[in-house]
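Colleague: Could you go through this one with me? I'd like to look at side chains and how they pair up.

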Amino acid sequence: MTENHLPEDSGKQPAKPRTQDEKLAVLNRLKRIEGQVRGIQKMVEDDRYCVDILVQISAINNALNKVGYNLLERHTHHCVKDAIQKGNGDEAIDELMKVVQQFSK
């Protein structure tokens, strides 16, 4: 693992656990994305036009980015804020900047 990459599992827990509603909202979005991916698989099987497939891939990328930004916002408001209040702000901000950098590639 290089210094610019984050581990797949940090072993950390959220400062404030997600509510059931928050979990359901994210899971529902991910299930819709999963359905879109299956739709693209069928498009490939059916030998659909490349541009039609690419448009759907773009839609999936946008949907995943929206989920990611939602999680990033929640992380900042809860985990980073909590770390700053507990005196661990520099570490949390460094971690946040790494994930923003990784997310925006």
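Colleague: Is K12 buried, partly exposed or exposed?

Modeller: K12 is partly exposed, its relative accessible area being 45%, where buried means under 20% relative accessible area, exposed means over 50% and partly exposed is in between, with a 1.4 Å probe and protein chains only. Please keep in mind that this is a predicted model, in which local features need pLDDT of at least 70 and side-chain atom pairs count only at pLDDT 80 or more, while totals for chains, interfaces and linings use all residues. Residues are numbered from 1 along each chain as its sequence is written, and side-chain values use heavy atoms, with hydrogens and water left out.

Colleague: Which side chain does K12 meet in a salt bridge?

Modeller: K12 meets E91, at 3.8 Å from N to O, a salt bridge being a side-chain nitrogen of Lys or Arg within 4 Å of a carboxyl oxygen of Asp or Glu. The two residues are 79 apart and link distant parts of the chain, with K12 in the segment before α1 and E91 in helix α3; helices are DSSP runs (H or I, at least four residues), numbered from the N terminus. E91 counts as exposed, at 52% relative accessibility, and a network of salt bridges links K12, E91 and E95.

Colleague: And how many salt bridges does the count come to?

Modeller: The count comes to seven. Among them is R38 with E34, at 3.6 Å from N to O, and both of these residues lie in helix α1, four residues apart, which is about one turn of the helix. R38 counts as partly exposed at 47% relative accessibility, and E34 likewise counts as partly exposed at 44%. Another one is K42 with D46, whose side chains meet at 2.9 Å, N to O.

Colleague: Switching to the inside, which residues make up the largest nonpolar core?

Modeller: That core has seven residues, namely V26, I33, I40, M43, I53, I60 and V67, where a nonpolar core is a set of buried Ala, Val, Leu, Ile, Met, Phe, Trp, Tyr and Cys residues joined through side-chain atoms within 4.5 Å. The elements giving two or more residues to this core are α1 and α2, and the largest share, four residues, comes from α1.

Colleague: What about aromatic pairs, how many are there?

Modeller: The count comes to one aromatic pair, with rings of Phe, Tyr and Trp (its six-membered ring) pairing if their centres lie within 6.5 Å, and with planes under 30 degrees apart counted as stacked, over 60 as edge-to-face and the rest as tilted. The rings of Y69 and F103 have centres 4.9 Å apart and planes at 80°, so the pair is edge-to-face. Because Y69 lies in helix α2 (residues 50–85) and F103 in helix α3 (residues 89–103), the pair ties together parts that are 34 residues apart in sequence. Y69 is partly exposed at 47% relative accessibility, and F103 is partly exposed with a relative accessible area of 29%.

Colleague: How many disulfides does a search of the whole structure find?

Modeller: The search finds zero disulfides, a disulfide being a pair of cysteine sulfur atoms within 2.5 Å.
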